[in-house]
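These are my notebook entries on one structure. I record what I looked up, step by step.

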Amino acid sequence: MSKLYEPVTFGEIELKNRIVMAPMTRSRSTDAAVPTPEMVDYYAQRSSAGLIIAEGTSPSADGLGYCRTPGIYSPEQIAAWRAVTDAVHEGSGRIVLQLMHCGRVATRDNKPANTETVGPSAIRAEVKLFTDTVGMAATDMPRALTRDEVYGVIEEFRQAAINAREAGFDGVELHGTSGYLPMQFMSENANDRTDEFGGSLENRVRFTVLALKGMAEAIGPGRIGFRFCPGNAFNDIVDSQPEATLRALLNGIKPLGLAYLHIMKAHVPGVDAFAIAREQFNGGLILNDGFDRDSAMEAVASGAADAVSFARHFIANPNLVERFQTDRELAQFDRNTLYSGGAKGYSDYPV
Ligand SMILES: Cc1cc2nc3c(=O)[nH]c(=O)nc-3n(C[C@H](O)[C@H](O)[C@H](O)COP(=O)(O)O)c2cc1C
């Protein structure tokens, strides 16, 4: 039997196999960022995964950026997430919540009233975002966070980790890539600060390290993961030294003793993110991006990975683990319903 189907423990989290469901934004929450009953079904159907990493979820109303994405800052949201985690645990699955603060990748059309779009600096992201109200919309010009407010956002992440535990999650993962707030601090084109959060590489990774530190102190490092992809230019990000950024991050988080690192393939010539992560991180290592069953088996067998995560394969194959084990052909998903809302193309793929 392949090692891919064997259990593994990351910190305090015991996985029954090494097939992880990667986080996927699917826009099935309410306009008030509250998880819906369809989300309970969708995640429960996928509870045979060794670990589910639930979709990017905002630690605050200001951190929202896309339509119908969830939050974890109100009692109503915590209660709704509790139904999701109970259902996954009933299927003997494990589930952590990905914390995602969009920062400057946001438009007011996707945010509740009385919220603000903030970032490291007042520099707009040159991307357009889908909205339910006006179609594609430009991002807002962000207001630069004051130094005190940066510490306030770090506190939001700490509180979100506590809220996630209250909602029954086994842990939380910080989304550190794809151009959202932590990556905005790390980049050259979104951060021109002159305080301890800007300038040198050590300063630019400080926000991420302090957010993870706060989360780890709040719920224990054995329940915290971190996701990163060096050099990822998504959402208008420039980092001309991705390997140095990765090494600075790994240096900064080493003393924290996090449960796992979730690393995506770097599409940067000469940077082997997987090998650097293995060498510099001593917790569990989840690798991602473009894996299939055989390449995942190989990654785990060779010791390159402790687990492998799959995103797209899980969309139309809720019982992906069983399909891999029995070598069945995989179903293809419908692109049109990725973010459409409702059960169709979401929780109605047959098991
Ligand atoms: C519909 C969709 C939504 C996604 N949303 C997120 C997200 O919320 N957070 C995140 O870190 N990655 C997100 N991703 C990226 C995936 O987690 C994953 O890294 C990517 O799809 C590559 O893995 P795969 O080859 O197994 O699909 C998303 C991907 C897809 C297809």
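**Entry 1: a unit around a central strand**

Which unit do β11, helix α7 and β12 make? I looked this up in the model, which is predicted. I found that β11, helix α7 (residues 242–253) and β12 form a β-α-β unit that is right-handed. From β12 the chain then crosses through helix α8 (residues 273–280) to β13, and this β-α-β crossover is right-handed as well.

I next checked the pairing of these strands. Strand β11 (residues 224–228) and β12 run parallel and are joined by four bridges. Within that pairing, Arg227 has His262 in β12 as its bridge partner. Between β12 and strand β13 (residues 284–288) I noted five bridges, again with a parallel course. Here Tyr260 is bridged to Gly284 in β13.

How many residues of β12 are buried? For this strand, residues 260–264, I recorded five of five. Tyr260, His262 and Met264 are buried on one side, Leu261 and Ile263 on the other, and both faces are therefore covered.

**Entry 2: the chain as a whole**

I counted the secondary structure of the protein chain as eleven helices and 14 strands. The radius of gyration is 19 Å, close to the 20 Å that the globule rule gives for 351 residues, so the chain is as compact as a globular protein of that length. I noted a C-alpha trace spanning about 55 × 45 × 35 Å along its principal axes.

Of the 351 residues, 54% count as buried. I also looked up contacts between residues at least 6 apart in sequence, and 73% of these join residues at least 24 apart.

**Entry 3: the nonpolar core**

In soluble globular proteins, nonpolar side chains tend to be buried together. I therefore looked up the largest nonpolar core, which has 102 residues. Those with the most contacts inside this core are Val20, Tyr43, Leu212, Met215 and Val308. Helix α6 (residues 206–219) supplies the largest share of the core, nine residues.

Which residues are in contact with Val20, leaving aside its neighbours within four places in sequence? I listed Ala49, Gly50, Leu51, Ile53, Ile286, Ala307, Val308 and Ser309.

**Entry 4: helix α3**

Helix α3 (residues 147–166) has 20 residues. From its first C-alpha to its last I noted 29 Å, close to the 28 Å expected at 1.5 Å a residue. Its buried residues include Val150, Val153, Ile154, Phe157 and Ala160. Glu156, Arg158 and Asn163 of α3 are also buried.

Against which elements do the buried residues of α3 pack? I found α2 (75–90), β5 (95–99), β10 (171–175) and α6. Just after α3, Gly168 takes a positive phi of about 95°.

Ala33 has a phi of about 65° and lies in the loop between β3 (19–21) and α1 (37–45). Ser178 has a phi of about 60° and is placed in the loop between β10 and α4 (181–186).

Why does Ala33 count as buried? The cut-off is 20 or more other C-beta atoms within 10 Å, and Ala33 counts as buried because it has 24 C-beta neighbours inside 10 Å. By the same cut-off, Ser178 is buried because 21 other C-beta atoms lie within 10 Å.

Definitions and conventions: Residues are numbered from 1 along each chain as its sequence is written. This is a predicted model: local features need pLDDT of at least 70, side-chain atom pairs count only at pLDDT 80 or more; totals for chains, interfaces and linings use all residues. A residue is buried if 20 or more other C-beta atoms lie within 10 Å of its own, exposed if 12 or fewer, and partly exposed in between; C-beta atoms are placed from the backbone. Helices (H or I, at least four residues) and strands (E, at least two) are DSSP runs, numbered from the N terminus. Two strands pair if DSSP finds at least two bridges between them. A crossover is right-handed if, with the strands pointing away from the viewer, the path from the first strand over the helix to the second runs clockwise. The radius of gyration is taken over C-alpha atoms; the globule rule is 2.2 Å times the number of residues to the power 0.38. Two residues are in contact if their C-beta atoms, placed from the backbone, lie within 7 Å. A nonpolar core is a set of buried Ala, Val, Leu, Ile, Met, Phe, Trp, Tyr and Cys residues joined through C-beta atoms within 7 Å. The expected span of a helix is 1.5 Å times one less than its number of residues.
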